[in-house]
Amino acid sequence: MNGEILGVLGGMGPAATADFLAKLVAATPAASDQEHLPVIARSIPAIPDRSRAILCDGPSPLPALKAGLAQLRAAGCTLAVMPCNTAHHWFEPLAREMPMLHIVDAVADALRRFGVTAGPVGLLATSGTIAAGIYQNRLAYQDRRTGTGFEILVPTPDEQTRLVEASIRAIKAGHWTDAQAALEQAVARLRESGVQATVLGCTELPLVLRPEAADHPLVDSTAALAEACVAALRGTGMGRAA
């Protein structure tokens, strides 16, 4: 791997960062410790709330994100990822500081592996991710690049507040069981609308929803990002650095 080291800009939230690291290990074909990817993870949760910054003119997390990225770069990291979907609202200024992989590109690759290249795709994410158009805008780019088309469907405002946002808060507080039924209901509502797949576009969601239990493809954005990291550092061509 030519001395490359992956930097993980985490802490958004801590459980999601730990889940990403576990999935990175699981995605890596390795027969010994020495064959795994070299990784330095920074899980400092004192980063301003990303959705609040987008929706409510709260303090921007960009200075803290840049500071964290600088620490990873100083530690020798050559490629960085953020296992937080909403933080990708600030991806472009961060990618100017250091090569990074974009989580939506990883999800687009995962959709294609499921055979989903067009049509309606459901999105469960924070209200900040939806309002910022992080998936809508990036998947439109995928449309131009590949000739495929995605229509992004999201929960109704009531469902977003009552089922998705409430569940994300519960997961961050450690109340995973409380969130599961509400999220399963949100997935079912999207499925009823005719989506070909549903993207778990918040890295808290895969902590309680299991793709193998769904009746249609559930794309785990955390797992997709982990797979993209393995591809990028192992040279298989799936991951793309900005």
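Author: One term to start with: a residue is buried when its relative accessible area is under 20%. Also, this is a predicted model.
Reader: Good. How many residues of α5 are buried?
Author: 9 of its 11 residues are buried, so α5 is mostly covered by that cut-off of under 20%.
Reader: Which ones are they?
Author: The buried residues of α5 are I103, V104, D105, A106, V107, A108, D109, A110 and L111.
Reader: At what angle do α5 and α10 pack?
Author: About 95 degrees. Helix α5 covers residues 103-113 and helix α10 covers residues 221-234, and their axes are 8 Å apart.
Reader: Parallel or perpendicular, then?
Author: Roughly perpendicular.
Reader: Which residues meet there?
Author: From α5, I103, A106, V107, A110 and R113. On the α10 side they meet S221, A224, L225, E227 and A228. By class, this contact has 7 nonpolar, 1 polar and 2 charged residues.
Reader: What follows α5?
Author: G115, with a positive phi near 85 degrees.
Reader: New topic: the sheet. In what order do the 3 strands come?
Author: The order is β2-β1-β3. The sheet is open, and the pairing is parallel.
Reader: Which strands stand at the edges?
Author: β2 (39-43) and β3 do. Each has a single partner strand, so one side of each is left without a neighbour in the sheet.
Reader: How are neighbouring strands turned against each other?
Author: By 20 degrees on average, direction ignored.
Reader: And how many bridges pair β1 with β2?
Author: Strand β1, residues 6-10, pairs with β2 over 5 bridges, in the parallel sense. One example: L6 has V39 in β2 as its bridge partner.
Reader: What does α10 touch on the sheet?
Author: α10 packs on the sheet and touches β1 and β3. The direction of α10 makes about 175 degrees with that of β3.
Reader: Now β6. Which strands are joined to it?
Author: Strand β4, residues 118-124, is joined to β6 by 4 bridges, and the two run parallel. Strand β7, residues 218-220, is joined to β6 by 3 bridges, and they run parallel as well.
Reader: What is the bridge partner of L124 in β6?
Author: L200. L200 also stands opposite D220 in β7.
Reader: Which way do the β6 residues point?
Author: A197 and V199 point one way, and T198 and L200 the other way. All are buried.
Reader: Switching to H88. Where is it found?
Author: H88 is in the loop between β3 (79-81) and α4 (91-95).
Reader: Buried or exposed?
Author: Buried, because its relative accessible area is 3%, and the cut-off is under 20%.
Reader: What is H88 in contact with?
Author: Leaving aside neighbours within four places in sequence, H88 is in contact with M82, L101, H102, I103 and I134. I103 is also one of the α5 residues that meet α10.
Reader: How far apart are H88 and A16?
Author: They are 72 residues apart in sequence. In space they are 15 Å apart, C-alpha to C-alpha.
Reader: How many disulfides does a search of the whole structure find?
Author: 0 disulfides. C77 is in no disulfide, and the nearest cysteine sulfur, that of C229, is 11 Å away. C84 is in no disulfide either, and the nearest cysteine sulfur, that of C202, is 7.1 Å away.
Reader: Why does C77 count as buried?
Author: Because its relative accessibility is 5%. C84 is buried too, with a relative accessible area of 5%.
Reader: Where is D57, and is it buried or exposed?
Author: D57 sits in the loop between α2 (50-55) and α3 (62-74). D57 counts as exposed, because its relative accessibility is 73% and the cut-off is over 50%.

Definitions and conventions
Residues are numbered from 1 along each chain as its sequence is written. This is a predicted model: local features need pLDDT of at least 70, side-chain atom pairs count only at pLDDT 80 or more; totals for chains, interfaces and linings use all residues. Side-chain values use heavy atoms; hydrogens and water are left out. Buried means under 20% relative accessible area, exposed over 50%, partly exposed in between (1.4 Å probe, protein chains only). Contact means heavy atoms within 4.5 Å. Axes are lines fitted to C-alpha atoms, for helices over the stretch in contact, and angles run from 0 to 180 degrees between N-to-C directions. Angles under 35 degrees count as roughly parallel, over 145 as roughly antiparallel, 65 to 115 as roughly perpendicular and the rest as oblique. Ala, Val, Leu, Ile, Met, Phe, Trp, Tyr, Cys and Pro count as nonpolar, Asp, Glu, Lys and Arg as charged, and the others, Gly among them, as polar. Two strands pair if DSSP finds at least two bridges between them. A disulfide is a pair of cysteine sulfur atoms within 2.5 Å.
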